[in-house]
Amino acid sequence: MVELVLFIVFGAIALAGALSMVLHPNPVHGALGLMATMLSIAVFYVVNSGHFIAAVQVVVYAGAVMTLFLFVIMLIGVDRHENLEESLPIQRPLAIAVGIAFLVLLGLIGGNAWITAPEAASPPNGTVENIADLLFTDWLLPFEVTTLLLIIASVGAVALAQYDPRPKE
Amino acid sequence: MDVTAGWYLALGAALFVIGASGMLLRRNALVMFMSIELMLNAVNLNFVVIGRHTGDLNGQVAVFFVMVVAAAEVVVGLAIMIAVFRRRASASVDDLATLKG
């Protein structure tokens with residue numbers, strides 16, 4: 001019963017936030033809508049026994065990533081409302097049609113082949129301890145490769161930020 | 001009424017489709033980027049829900065890796081966007097037509 005109420009409330013918030021992100025002309029409102037969506041997804045993680053993942057979702061996604069987005073939106077200029085007119089004539093109706101067709105297709109596939117495995121007796125317990133157990137045994141190599149990726153990303157960001165398009169004197 | 005895994009998967013599918021439509025409908029590079037993040041989140045939700053259904057913790061580890069890669073991707077993507085903005089003073093992808101023949 002509690003789960004049903006949580007699903008309805010936060011599912012509605014998640015959908016509303018996602019729609020406002022796509023439809024609102026001002027990117028700041030869109031970023032806030034996306035933040036609401038991410039927070040409600042964190043609630044769903046808690047409900048589905050992903051405690052650690054929910055904390056990471058709030059800290060990394062809703063915290064760091066969205067703050068970075070807002071920072072860049074402020075930097076690039078928020079007062080300029082995007083011109084919502086489409087330059088390609090047929091693009092917009094085609095995009096809406098493709099979106100609807102995609103949703104129908106997913107619904108058809110899902111309706112015919114939901115998960116076939118039997119439901120487990122007990123859900124996994126996603127605490128820090130259990131996640132770390134897996135992360136530092138089975139997933140150790142991917143974890144180490146991730147550090148390489150993060151170094152490359154930070155070096156790339158610094159290199160791009162220092163790039164100056166004006167020619168040197 | 002029980003909330004089964006299928007409900008969450010349907011919600012994840014809806015969020016993914018909204019993200020994909022945002023990618024197609026908008027011309028602001030930042031909003032397109034946020035649409036990508038939305039699609040990643042929808043798939044993450046599916047990972048966690050199916051992991052709960054099958055009693056497998058590996059789904060949550062996969063979500064962890066997706067988050068790390070997404071964070072790295074956001075850093076580089078936003079840096080590129082700022083570099084483009086310095087040159088063109090616009091965040092619209094329509095203005096990036098330098099390679100047009």
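Predicted model: local features only at pLDDT ≥ 70, side-chain atom pairs only at ≥ 80, totals over all residues.
In chain B, H1(B) passes H2(B) in a left-handed crossing.

- Helix H1 of chain B covers residues 5-25 and helix H2 of chain B covers residues 29-54; their axes come within 8 Å and cross at roughly 165°.
- Since angles over 145 degrees count as roughly antiparallel, that crossing makes H1(B) roughly antiparallel to H2(B).
- Sort the contact of H1(B) with H2(B) by class and you get 17 nonpolar residues, seven polar ones and no charged ones.

**Where chain A meets chain B**
- On the chain A side, 71 residues are in contact with 64 residues of chain B.
- Six pieces of chain A each bring at least two residues to the side that touches chain B: helices H1 (2-23), H2 (27-47), H3 (51-76), H4 (91-112), H5 (128-135) and H6 (140-162).
- The top contributor to that side is H3(A), which gives twelve residues.
- By class, the side of chain A that touches chain B holds 52 nonpolar, 15 polar and four charged residues.

**A look at H2(A)**
- H2(A) has 21 residues, and at 1.5 Å a residue they should span 30 Å; the C-alpha atoms at its ends are 30 Å apart, so the two values agree.
- Just after H2(A) comes A:Ser49, which takes a positive phi of about 60°.

Key: Residues numbered from 1 in each chain as written. Chains lettered and ligands numbered in written order. Axes fitted to C-alpha atoms, helices over the stretch in contact; angles between N-to-C directions. Helix = DSSP H or I, 4+ residues; strand = E, 2+ residues; numbered from the N terminus. Parallel < 35°, antiparallel > 145°, perpendicular 65-115°, else oblique. Left-handed = near helix turned anticlockwise from the far one by under 90°. Nonpolar A, V, L, I, M, F, W, Y, C, P; charged D, E, K, R; others polar. Contact = placed C-beta atoms within 7 Å. Expected span 1.5 Å × (residues − 1).
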